[in-house]
Amino acid sequence: MSPELCIENARIVDGTGAPWFRGAVGVEDGTITHVCREREPEFDAAVHVDAAGSVVCPGFVDAHSHSDLELFSDPTLAPKTRQGITTEILGQDGFSMAPLSDADDIEAWQGYVSGLAGRLEREWSWRSVADYLDAIDDAGVAPNVATLVGHGTARYEVLGMDDVEPTDAELEEMASVVAEGLADGAVGFSSGLVYTPQVYSSTAEVSRLAAELEPYGRPFVAHIRSEGRWIWEAMDEFIDIGAEYDVPIHQSHFKLTGSGQRGKVERVLERVELARERGVDMTADQYPYTAGSSMLTSLLPPWMQSKGADEMRAALADPEQREAVRRDIEEWRIDGWENVGGKTGWDRVEITNLASEEYRADAGKDLATVANERDSDPAEVLCDVLLAEDLDAAMIAHGMIESDVREILRSDRVAVGTDGLFGSRPHPRVYGSFPRVLSHYVREEGVLSIERAIYKMTALPARIHGLDSKGVVRPGLDADLVVFDPHVVADRATFDDPRRYPRGIEHVFVDGTAVVRDGAVTDARPGSAIRA
């Protein structure tokens, strides 16, 4: 049988970490049919692509994506596909877009997560994870997408945003919500233990929900309780849950933040190895930058984040509650709270994705600078910005050091992800994460070989999330493929100019169909929702 597509004269990096070899790849009906070492193979094909010595590798799997709602407004997901991403893992940090049963709850939930996932410019037509995946298929998307089921979503469905401990019956109801999502095809369970409402959960609650994974062998993916002051306790809690229920655990955006922990990278990596020696299947993902990003409301104390939108606006306008916000952040008055603003410093927290006339020109400035320019206090500015932006704004926190990023990137336990939030002025990782690894850390710095880097972008995240037909160039597997020039590939997005596409990503195929051809988006939508 002659394949439909032949990519020839290629340098094949197959995703396993094995050395590259010269050859060709044949594709038929969305499946890889041939992988051979001839530069110009004997088999014929309807379409030939001459790679001209460029690398052909598996499509990149974004291990940490926030495209949950963006994919409905931009089904091509151009910032992702243009950097070679062919599969996205959604539902991160405990914020899945389903299951949610009540229409009023959906409206409030969308308002709360808008800084993380954006807003839906169409009817929210789904209630269950199955419905959400069907809606994605009905809309049509360029990449393949899978979702986790979120702890925050399950807690919100049963308890709302309140700081309460569930009764035994309520906890079982939350577990049923998680179980329903897993039965509907969610590829795992996620939690964001620094975010409301998950921040209020006990270890016993988290453990009970994670236990629903045990029959499936799917991963528990978590933004742990702390990546700074209490990181050791947070990692121990996470690892103990994996050991108790014998479930795979996957730590989101693996890093060390805050002046007290930066530089202790050997110790944090050793924690992962000790977990694995203990029999816990522990992995992680990482974005290749020294700055993180989240919704601006995440700087607020938990008691403020738990309020509904109207109640939060009223509290942000109240002088006494503003003063309480300031003192909680600057004086660390709440034990166990991650307190991103306090550990990072106002001069290292930029405000982004600003749309209001009053603050649009301040996008990209740090809170200390904006406060100084306005003869105000940073906490006051934080509250003012959130009010002006109707709570829908983001921030970039420069809390890491380059040496830690490099050492974590060297670990074969750590996959690559973007963790990118869309918006008018996003973190550059939305447009540049994967090309940055290939250019800066492979070609320029020599931190990784090209084979190890691609393994961390393909086979490793596919294995973590149970995507058995993806991540490797091998006959019989899905024809998700990237063609890039290793001498040219580079990220072009910067913090000052973040919405710039990379260079050197020549072609991207999803199920054998080109979603990027000659460096341009094709508008094809061959992707589908993946059901575990």
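**Core and overall form of a predicted chain**

The chain has an accessible surface of about 18,600 Å² (Shrake-Rupley method, 1.4 Å probe), and 42% of that area belongs to carbon and sulfur atoms. This is a predicted model, where local features need pLDDT of at least 70, side-chain atom pairs count only at pLDDT 80 or more, and totals for chains, interfaces and linings use all residues. Residues are numbered from 1 along each chain as its sequence is written, and side-chain values use heavy atoms, with hydrogens and water left out.

Reader: What share of the residues of the chain counts as buried?
Author: Buried means under 20% relative accessible area (1.4 Å probe, protein chains only). By that cut-off, 63% of the 532 residues count.

Reader: What makes a set of residues a nonpolar core?
Author: Its members are buried Ala, Val, Leu, Ile, Met, Phe, Trp, Tyr and Cys residues, joined through side-chain atoms within 4.5 Å. The largest such core has 79 residues; Trp-126, Tyr-132 and Phe-220 touch the most other members. Helix α8 (residues 231-245; a DSSP run of H or I, at least four residues) gives the largest share, 8 residues. A second, separate core holds 29 residues, including Met-304 and Leu-382.

Reader: Which residues does Phe-220 contact beyond its neighbours within four places in sequence?
Author: Contact means heavy atoms within 4.5 Å. Among those that qualify are Phe-189, Leu-213, Phe-238 and Ile-241.

Definitions and conventions: Buried means under 20% relative accessible area, exposed over 50%, partly exposed in between (1.4 Å probe, protein chains only). Helices (H or I, at least four residues) and strands (E, at least two) are DSSP runs, numbered from the N terminus.
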